[in-house]
Amino acid sequence: MSDANVLEAAVRTEFGKGAARRTRRSGNVPAVLYGHAADPQHLSVNAQAFAAILREHGTNALLNLVIDGKKQLALTKSVVVHPIRRYIEHADLLIIKRGERVTADVSVVLSGEAAPGTLVTQETTTLSIEADATKLPESIEVSIEGIAAGTQITAGGIELPAGVTLAGDTEALIVNIIAAPASAQETEEAAESGSAE
């Protein structure tokens, strides 16, 4: 991943809500870059270019920032999206160095179909992991193919890609598979219709 996700960033000299609004009005996102004991840097990045990177690479996107002609590797730490208008209001970016391991929350994606007559509840949609900053997976896939009712999948029971370790609680419940209540209801209904006849 050499020069992917290149994003031009301008240093912001104005701060506060009014300045942030002006930044957004001009088609940019106010962002703060921090980490490695450096002073936080207030930046603005192009809203469309940034949104495109997030759409393609997820919220843990690795960025090649270009600030005043200098390159800086950064990780998207958090993104604040307007609840109604859905534009990016603000972003926190973290300075990283190649080969550095970082902790991030990645989404858990379920694949496959559990056994018939089961109800699948996904208790947690993200997993806290630690990995090389340049090799963070966008998501972790968990197969529920053919899994029977009464099965619980915990964070510690999920197979992670090579080089990725779990950073959160191993006992955290991710997926709970129970008998579907509908099947019990159908049995009752069948019994009732039998007695009615």
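**Reading a predicted model, feature by feature**

Modeller: H36 is partly exposed, with a relative accessible area of 42%. Please keep in mind throughout that this is a predicted model.

Biologist: How is such a percentage read, and where does H36 lie?

Modeller: A residue is called buried under 20% and exposed over 50%, with partly exposed in between. At 42%, H36 therefore falls into the middle class. H36 belongs to the loop that joins β2 and β3.

Biologist: What is the phi of H36?

Modeller: The phi of H36 is near 50°, a positive value in a residue other than glycine. A37, in the loop between β2 and β3 as well, also has a positive phi without being glycine, near 60°.

Biologist: Is A37 buried or exposed?

Modeller: A37 is exposed, because its relative accessible area is 86% and the class begins over 50%.

Biologist: Let us turn to helix α1. Which of its residues are buried?

Modeller: In α1, which spans residues 17-25, the buried residues are A19, A20 and T23. The next step is to ask how they are placed around the axis. They cover an arc of only 100°, so they lie on the same side of α1.

Biologist: What does the buried side pack against, and what does the opposite face carry?

Modeller: The buried residues of α1 pack against β2 (28-35) and β3 (38-46). The face turned away from them carries K17 and R25, which are exposed. After α1 comes G27, with a positive phi near 85°.

Biologist: How should I read a salt bridge, and how many are found here?

Modeller: The general idea is that side chains of opposite charge can pair when their charged atoms come close. The cut-off used here is 4 Å between a side-chain nitrogen of Lys or Arg and a carboxyl oxygen of Asp or Glu. A search of the whole structure gives 2 salt bridges.

Biologist: Which residues form them?

Modeller: One joins the side chains of R22 and E14, with an N to O distance of 3.1 Å. R22 has a relative accessibility of 41%, so it is partly exposed; E14 is partly exposed too, at 43%. The other joins R101 and E130, at 3.3 Å from N to O.

Biologist: What does the pair of R101 and E130 tie together?

Modeller: R101 lies in strand β7 (residues 101-111) and E130 in strand β9 (residues 126-132), so the pair ties together parts that are 29 residues apart in sequence. R101 is partly exposed at 37%, and E130 is partly exposed at 30%.

Biologist: D132 is found in strand β9 as well. Is D132 buried or exposed?

Modeller: D132 counts as buried, because its relative accessibility is 17% and the class covers values under 20%. Leaving aside neighbours within four places in sequence, D132 is in contact with G99, E100 and R101. R101 is the arginine of the salt bridge with E130.

Biologist: Where is A149, and which residues does it contact?

Modeller: A149 is in the loop between β10 (139-143) and β11 (151-154). Its relative accessible area is 39%, which means that it is partly exposed. Beyond neighbours within four places in sequence, A149 contacts T118, I177, I178 and A179.

Biologist: Finally, what is the volume of the largest pocket, and which residues line it?

Modeller: The volume of the largest pocket is about 230 Å³. Its lining consists of R24, N28, V29, A47, A51, L54, R55, V81, R86, Y87 and I88. The elements that contribute two or more residues are β2 and α2 (47-57).

Biologist: Which element gives the most, and how is the lining divided by class?

Modeller: α2 gives the most, with 4 residues. By class, the lining comprises 7 nonpolar, 1 polar and 3 charged residues.

Methods:
Residues numbered from 1 in each chain as written. Predicted model: local features only at pLDDT ≥ 70, side-chain atom pairs only at ≥ 80, totals over all residues. Heavy atoms only, no water. Buried < 20%, exposed > 50% of the residue type's maximum accessible area, 1.4 Å probe, protein only. Arc of directions from axis to C-beta. Contact = heavy atoms within 4.5 Å. 1 Å grid on protein atoms, 1.4 Å probe; cavity = no way out; pocket = protein on both sides within 12 Å on 5 of 7 lines; lining within 4 Å. Points joined across faces, edges and corners; volume = space filled by probe spheres on them. Nonpolar A, V, L, I, M, F, W, Y, C, P; charged D, E, K, R; others polar.
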